[in-house]
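Work through the exercises below with the sequence and the model at hand. Try each task before reading its solution.

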Amino acid sequence: MSQLFEKLPDSQGKNKAGLRATQRRKRGLRTAVVTFVAVVLLVMSAVVALPHVQSLLSLDRPSVQDYEGEGSGEVIVTIPEGSTGRDIAAILVEADVVASERAFVDAFQADRRASSIQAGSYRMKSKMSAVAALVSLLDPGSRAELNVTIPEGFTLQQVTDRLVNVMGYDAAEIEAALADPEGLGLPAEANGNVEGWLSPVTFSFAPDTTAKEALSAMVSKRVSELRSSGIPQEKWARTIIVASIVEREVNWPDYYAQVARVIENRLNDSGQVNGRLQMDSTVLYGVGKSGGVPSREDLAHDNPYNTYLHAGLPPTAISNPSIEVIEASANPPAGDWLYFVTVNLDTGETKFASSLDEHNANVEELRQWVADHPDAAQSESDN
């Protein structure tokens, strides 16, 4: 019997295997359904909970305060050199230009141009949005500085007039500042006289800059130039006096150093000129003039700046020379010239001579040029 049953087909085994496979498929389907339902429930829970989570997070990061619009009125804001975005933000908040530092910092970090904001004073408005404030600082038209250009060779009186006209100072305010040379930062070498110690460049001043601050900036620039030039400090004052004369006598850079040599030669001469410079520029300064040709009365006026009457250098500078003229005057070339004269007022051609006869011949050349160009000569005389 056992052998017979062993030879029969195992139909019951096949049925059992099929049943197990069916059961596995059912369990897989149930697992998939359960997983799907779980995911759906999880997503629904997240959607419901998200607003609550955001609300909790907002407790740690409150909304950034910011004004709206372009603002109103006018506020002058000064941004110091080297200010960071946060520094600027603090300045703007203090001036009530923006509502919060955070708002401006966010705007600053979002704009690649922000790093190009320049130091200086700006005309802005009160209660501007952070973005509007940033745009204003990037606009060159918002700059509030007043530019004051001091031409090379201007005298102290001319500088004073320029400051009155451009900055709106009262002359008395400038006089008060000049009366305190130490307060202006004037070095001891200047002996309390500002003439020659004001750098003739263009300065940018905030509208509220005082006369003392403006003059101090000019003196500081001059001292900085002298330090950079390498001229020994004990020679500053004398070099400036010589350069101030050169600046007023010749307008062409090619001749700065040669004219300085003429001055040095004349100071040391004991034969032809006996130490007298005989410069028209010093005579004019001594009578309160800044240009033109000296009159007979001017030449006869006895004052320390009349170098036709008095040997040696004048007691102070007679103008505010450029640093280029100062450097040229500190190192004049070798030469035996005692005289010079510009023979062509258009080109500035200047001739130098070591004797009076040679010089007189050059003067005749100038007279001929003047005769041939009367209009140009009159214009030069008026200056």
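The model is predicted, so local features need pLDDT of at least 70 and side-chain atom pairs count only at pLDDT 80 or more, while totals for chains, interfaces and linings use all residues. Residues are numbered from 1 along each chain as its sequence is written, and side-chain values use heavy atoms, with hydrogens and water left out.

**Exercise 1.** Describe the largest pocket and find the domains that it lies between.

Solution. Start with the term: on a 1 Å grid over the protein atoms alone, a pocket is an open set of points where a 1.4 Å probe fits, with protein on both sides within 12 Å along at least five of seven lines, and lining residues have an atom within 4 Å of a point. Next, take the volume, which is about 1600 Å³; a volume is the space filled by probe spheres set on the points, which are joined across faces, edges and corners.

Then turn to the lining. It holds 48 residues, and Arg248, Glu249, Asp280, Gly292 and Val293 lie nearest the pocket centre. Helix H14 (356-372) is among the elements that supply at least two residues, and H14 gives the most, with 7. Helices (H or I, at least four residues) and strands (E, at least two) are DSSP runs, numbered from the N terminus.

Finally, domain 2 (146-229) and domain 3 (251-372) both give residues to this lining, so the largest pocket lies between them. The domain bounds come from an automatic or database domain assignment.

**Exercise 2.** Find which element gives the largest share of the lining of the second largest pocket.

Solution. The volume of this pocket is about 160 Å³. Its lining includes Ile231, Lys235, Glu264 and Asn331. Two or more residues come from each of H9 and helix H13 (323-330). The largest share, 3 residues, belongs to H9.

**Exercise 3.** Is Lys127 buried, partly exposed or exposed?

Solution. Buried means under 20% relative accessible area, exposed over 50%, and partly exposed in between (1.4 Å probe, protein chains only). Lys127 has 42% relative accessibility, so Lys127 counts as partly exposed. Gln278, at 24%, also counts as partly exposed.
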